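Q: I'm new to this one and would like a close look at a single part. Could you walk me through it slowly?

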Amino acid sequence: MTLYVVLVGLLVASAVWASAGGAFIYWTGNLNNTIERANLDGSGVTPLIQGAAAPHGIAVNGTYIFWANSGDGDIGRASIDGSAPNQHFITGGDTVNGIAVEGQYVYWANEGNGLRSIGRAKLDGTEVNQRFITLPEKANPYGVAVDTNYLYVTLPYYEVCEGFVCGRTIARIGLDGKNANLTFITKTGFTGGIAVNGESIFWSDSSSQEINRVNLDGSSNNGSFQHALSAQGAGGIALDSNYIYWAASSPYGGCCALSNIGRATLQDYNAGTLINDSFGEPWGIAVDALTSKTGPGPGPGPGPTVSPAVTNVRQSRSTWREGSQLATFAKKARPPVGTTFSFTLNEQANVSLTFTQQVSGRKVGSKCVAQARKNRRRRSCKRTLTHGIISFTGHSGVNKVTFQGRVSSTGKLPLGRYTLYVAATNAAGQKSQRQSLVFTIVK
């Protein structure tokens, strides 16, 4: 389903019935070497795959399920419906933990002494590079998440000290393997699972038994981490548009004393246990939006459908001058004064381009609001303004939009730095995850 990836986990499906519009949670059973699945409401818990080797990381992309067999260092893969599972799809890793998928590649964390690296391969298993990103000896990589621009990696043993205050870190690395920043976020506690969306970075911290978040650029409105919610035993975490999910097990590896799947709303972090069962130490977790009617059910129905997926979001230039033309959706884009946004859709869907900007405000209570006379002495903060939304019907495959700064016949973006969010909704009402780009309009 998404770009949001989790620390560790495994996922494979067998042919089971799910109601139309259903979606699933997948998690790994680290001790019983299985992959489990359930509906998003916690019902229908089903063991999907047997025979994994201490599975940790898990990721899905609408076509395949990938998991990290920490026990033997191999990456497993199955079709999204669980067919054709291959426990040794990619070999040669060392204590693989986190795993993530973006575009045409799958990424994983090799924590073992023999590698200390991030591996990468094509989704078909070719172009395997176990040392795509080589890390220092002390930087044991654990959780992996990815968006259209960066890899995010938790480094629970990589300690950085500032004066008398020490803490672990989260790294951010370009998708080309360059510009690695091993101290992108510091003083994090003992980091584990990690997930990102178009606005925030979330990670689990076993030292504080919490899930924390910061803005996508690593900043925080209050100058420190927002402790989003208490989540005892949280390891792998995953996101969809409404919720954050986590796989919880015994904090220090004890068998089954704590085994559950937790869930909280992203709006107010109202948390609770979604599934409580003796899974054999759930470790990684992922969510998708598969609707499956491949097995026994109440009667015939349409074949499998998948939520729309927006991938490979790009722009021809990130800094440009404004022009006077309206945005145009075209199969063949002409060289613009501004830029050309491009992205890939897996099916025809309604696409929305939302243009936002971070502006200064003043902190009033827990909110960042516009500055006014009565709050001008309050602490400064950053708030997000939406300057315009453009919608159109996109087609399956590569789509291009030429853009010169106009969001309507009368509206034009002021000069400045913007974040563009791209999302899609298909005819069944299923929504993609939002993807983002950053651009700057200059004089």
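This is a predicted model: local features need pLDDT of at least 70, side-chain atom pairs count only at pLDDT 80 or more; totals for chains, interfaces and linings use all residues.

Which strands each supply at least two residues of the lining of the largest pocket?

A: They are strand 13, strand 17 (200-205), strand 18 (210-215), strand 29, strand 31, strand 33 and strand 34. Residues count from 1 along each chain as its sequence is written, and side-chain values use heavy atoms, without hydrogens or water.

Strands are what you'll be seeing throughout: the protein has 34 of them and zero helices. (Both are DSSP runs numbered from the N terminus: E, at least two residues, for strands; H or I, at least four, for helices.)

Now the pocket itself. The largest pocket holds about 1,600 Å³ of space. Its lining has 46 residues, and G198, E199, S200, T384 and Y421 are the closest to its centre. (A pocket is an open set of points on a 1 Å grid where a 1.4 Å probe fits, with protein on both sides within 12 Å along at least five of seven lines; lining residues have an atom within 4 Å of a point. Volume is the space filled by probe spheres on the points, which are joined across faces, edges and corners.) Strand 33 is the biggest giver, with seven residues in the lining.

Leaving aside neighbours within four places in sequence, Y157 is in contact (heavy atoms within 4.5 Å) with E111, K138, N140, R168 and F190. The C-alpha atoms of Y157 and T191 lie 8.5 Å apart, though these residues are 34 apart along the chain.

The F190 contact brings us to rings. There are 18 aromatic pairs in the structure. Y157 and F190 make one of them: their ring centres are 5.2 Å apart and their planes stand at 90°, so this pair is edge-to-face. (Rings of Phe, Tyr and Trp, the last by its six-membered ring, pair with centres within 6.5 Å; planes under 30 degrees apart are stacked, over 60 edge-to-face, the rest tilted.) Y157 belongs to strand 13 (residues 150-162) and F190 to the loop between strand 15 (181-185) and strand 16 (191-196), so the pair ties together parts 33 residues apart in sequence. Y157 is partly exposed at 43% relative accessibility, and F190 is partly exposed too, at 25%. (Under 20% relative accessible area is buried, over 50% exposed, and in between partly exposed, with a 1.4 Å probe and protein chains only.)

F355 and F403 pair up as well, but stacked: 4.6 Å from centre to centre, with 15° between the planes. Here F355 sits in strand 29 (residues 349-364) and F403 in strand 32 (residues 397-403), so two distant parts of the chain, 48 residues apart, are linked. F355 counts as buried, at 0% relative accessibility, and F403 is buried at 0% as well. Both rings belong to one aromatic cluster, together with W320, F341, Y418 and F439.

F355 and F403 turn up again in the largest nonpolar core, which has 23 residues; along with F343, L353 and F439, they touch the most other members. (A nonpolar core is a set of buried Ala, Val, Leu, Ile, Met, Phe, Trp, Tyr and Cys residues joined through side-chain atoms within 4.5 Å.) At least two residues of this core come from each of strand 25 (310-315), strand 28 (339-345), strand 29, strand 31 (380-394), strand 32, strand 33 (416-425) and strand 34 (435-442). Beyond neighbours within four places in sequence, L353 contacts G388, I389, I390, F392, V401, L420, Y421 and V422. Another core lies apart from this one, with 17 residues, among them Y107, I118, V144 and L155.

Setting aside neighbours within four places in sequence, H387 contacts F355, Q357, V407, L413, P414 and Y418. H387 is partly exposed, at 28% relative accessibility. From H387 to L413 the C-alpha distance is 6.9 Å, across 26 residues of sequence.

To step back, 55% of the protein's 443 residues are buried. Among contacts between residues at least 6 apart in sequence, 54% join residues at least 24 apart.
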